[in-house]
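User: I am new to this structure. Please take one part and look at it closely.

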Number of protein chains: 2
Amino acid sequence: MHDLHLDLTPGVGRRVALENALRQAIRSGALSAGTALPSSRSLAADLGLARGTVVEAYAQLSAEGYLRSRARSGTQVATGPVATAAAPAPPRRDPAPIRIDLRPITADVNGFPRTAWLGALRHALTTAPDTALRYGDSQGDEQLRGALATYLGRSRGVRTTPDRIVVCAGFSHGLSLLCQALARAGATTLAVEDPSLRPSRDTAEHAGLATVGVPIDDRGLRVDELGAVDACLVTPAHQLPLGVSLDAGRRTELLAWAAATSGLVVEDDYDGEFRYDRQPVGAIQGLSPEAVAYVGTVSKSLAPALRLGWLVLPERLVEPVVRLRHRVDRHSPTLDQLALARLITTGQLDRHLRRMRLRYRRRREVVLAALSRIPGITVTGIAAGYHATVLLPPDSSETAVLHALRLAGIAADGLADYRERPGRAGLVIGYGTPPQHSFPAAVESFATILRAAL
Amino acid sequence: MHDLHLDLTPGVGRRVALENALRQAIRSGALSAGTALPSSRSLAADLGLARGTVVEAYAQLSAEGYLRSRARSGTQVATGPVATAAAPAPPRRDPAPIRIDLRPITADVNGFPRTAWLGALRHALTTAPDTALRYGDSQGDEQLRGALATYLGRSRGVRTTPDRIVVCAGFSHGLSLLCQALARAGATTLAVEDPSLRPSRDTAEHAGLATVGVPIDDRGLRVDELGAVDACLVTPAHQLPLGVSLDAGRRTELLAWAAATSGLVVEDDYDGEFRYDRQPVGAIQGLSPEAVAYVGTVSKSLAPALRLGWLVLPERLVEPVVRLRHRVDRHSPTLDQLALARLITTGQLDRHLRRMRLRYRRRREVVLAALSRIPGITVTGIAAGYHATVLLPPDSSETAVLHALRLAGIAADGLADYRERPGRAGLVIGYGTPPQHSFPAAVESFATILRAAL
């Protein structure tokens, strides 16, 4: 309110100037209906007017219908037939209602540890020195990088020190920074898995690298088909979407490729925390830290809305990536970083992950049981994470199945959206989104429609 | 811990496999000294082993010196002569110690409303639906955009609706997004004020626009010297660093330039909330919303560490900027956005700003009093914000003065760092950084050294 434009020209009284300014602000929409005005005392202090002047102006405008005064709640801009600048835009909506959302890649945020996160934020806000509220380290807060180095070491077999970690705003952001840094150093091409997530390819291309799809078989990426590329993006622990792990032989081949060509392996460890069989698959980064850039995120383990992730980089890439980050948006929010560090070091993240692993494991069993009754399909990718890929019978139409599901209000992904080369029809379904109470019914509906559509 | 690499080949017992895996993890540094291990119960559950197997393995490794068990605090990795992967990097430090930091552009974060911010986060965490924890709107949370539309209207005279606002991560990020969008639409040049902040020019150039300096006089930007450029970045309310306001005539000229050339005015309203004289200067955006892109931030009003800001855009720029944001890092953290919305709608931001205005006003008086005793200098830019520009006597050396200050442990900016064209020597000093209790002494030291150096 202190920036009301008072026209204090000779001949216009202060009260009239204030009334004109308020009227104009309300008419133009600058002060919208329902806006609470400051008390007469504080507005008077801000504008250097006598308090009585403000009280009189408020009274006049209330009489004119511009303002409304209420005991206890103060003075507000009245709602009514005052012309405002523009109507707010209508809310955006999906083209048709989705009753059951089985699209993959969204965590079950219903399990987000709200109390623990608030406690971690409280700890950060009550213990952080004032310096933590200034501009921070573009590489990421030191406490968080320290906590991540230990956490990633024990949980994912990542070999690193805090000075090789760059905190970022999730997987896409990490990939974007990395691809920009590579492009600025002369790289032009990034191999990606075929099939793989289209948004990752979009992000890489937006950052200046052309993407080239390389096929997957049941041992993971066909390393022998890697052509002349500068870097290679892989999901070694749990191929997205097919779910295979990159096996030991292929890991060796991939690192040999990196050594022979000075190529960079970019490891997307999107759901490395969730594994249900008893053969955990560690990060390939641990085998060759100077050949692999590891990208992780809290989007799958906590919630996408937090926008926190990390890169673990070969030494040569740390400085270029940090410099880029500094130029574009300085750094990630410090209090959020401190809260995540706290969640890790107190063991609360581990506890949360144990709870969620159990929850996803149960959901997975519901999905497997429902799909086991459908003949002709093959379910893959369910040893980890919270998505499954349903390969359809060879003669079926993916489009027709998706259409039938959509008519029933069920959303899922088609495998064609992930593919560059044609391949067997299939669906990719996630089991993080439907609420806990309705999950079995959601999966039952999906299975019923799918069976009928085949 | 669930991703320990157990070698469960025939002939190797489970306990031995677990011991080998733990030893290997400790030797490689993946489990670093002091790391707390899970309880035997939860590790056994995670790995599908009998609890006794884990207890025995822990006991064996404790006997070997790899682990350390303590009553109540559980089992930890021992500190000691175990070879780890790499030593952490030494902490970075400034080249020489700064006792008194008078560099501008950092807010007095000592005044940050920690309690109110925590309360706003608590409100967000306890009231937000689960959907708020998923991926959010790349344009920014609807509640925050609504709150900002009202707030910017009443406090800065900005005319907008929520659908023209894009939430970003502060001024640099907003400018970067905007310049990238302009560059992709074919723009090549951005006029900037001379003098102005070098980091803003760097950000624009990094985003693909060449910058061209345009001189400032006592009425603000010399609009008549704007050449053929696609856009023009200005600080109309309080020129950074010289402190003049763009006067009414120049505002009209600038908007006429925009209308005649279809050029875009980019308004950096970095400290619009802080004005000490009684002639508030509203945003130029309010005069012509389709010709001006307005950029604001909480870095000056709350704290840079929050990484929140906003763009208020002409309609044609909203979609390209939001698309860019989506490609690069999706969106700003949702809980932080909800907390800021809460701070605005409850009036707590207004109260905080009133407190800070008073505090800066007092600091400004201390600065003015100290500098008034130094002959030959001219102090400008002190009607708003929390920096002052000290123009030095015509024959003095800016470098020599800065050097003398630096030797005394005092950091300030030299005006030459802001200039493209040569001009009068000067210093730019901020009064947000020194702590409240030592502020008068800090300014006294500065004035004493400055006087001696002239």
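In what order do the strands of the open sheet in chain B run, and what is the pairing?

Analyst: This is a predicted model, where local features need pLDDT of at least 70, side-chain atom pairs count only at pLDDT 80 or more, and totals for chains, interfaces and linings use all residues. Residues are numbered from 1 along each chain as its sequence is written, chains are lettered from A in the order in which they are written, and side-chain values use heavy atoms, with hydrogens and water left out.

Now the sheet. In chain B, 8 strands form an open sheet, and the order is β4-β11-β10-β9-β8-β5-β6-β7. The pairing is mixed. Strands here are DSSP runs (E, at least two residues), and helices are runs of H or I with at least four residues, both numbered from the N terminus. Two strands pair if DSSP finds at least two bridges between them. In general, strands of a sheet pair through backbone hydrogen bonds, either parallel or antiparallel.

The edges come next. They are β4 (165-168) and β7 (220-221) of chain B. Each of these pairs on one side only.

Take one pair inside the sheet. Strand β10 (residues 292-297) of chain B meets strand β11 (residues 309-312) of chain B in the antiparallel sense. The two pair over 4 bridges.

Next, a loop in chain B. B:D417 sits between β15 (413-414) and β16 (426-430) of chain B. B:D417 is partly exposed, with a relative accessible area of 47%. On this scale, buried means under 20%, exposed over 50%, and partly exposed in between (1.4 Å probe, protein chains only). Leaving out residues up to four places away in sequence, B:D417 touches B:R198 and B:R201. Contact means heavy atoms within 4.5 Å. B:A248 is 169 residues from B:D417 along the chain, and their C-alpha atoms are separated by 29 Å.

Chain B also meets chain A. There, 88 residues of chain A are in contact with 89 residues of chain B. The area buried between them is about 7800 Å², and carbon and sulfur atoms give 55% of it. Buried area is the accessible area (1.4 Å probe) that two parts lose on being put together, summed over both. The rule finds 4 salt bridges across this interface. A salt bridge needs a side-chain nitrogen of Lys or Arg within 4 Å of a carboxyl oxygen of Asp or Glu. B:R327 and A:D202 meet in a salt bridge, at 4.0 Å from N to O.
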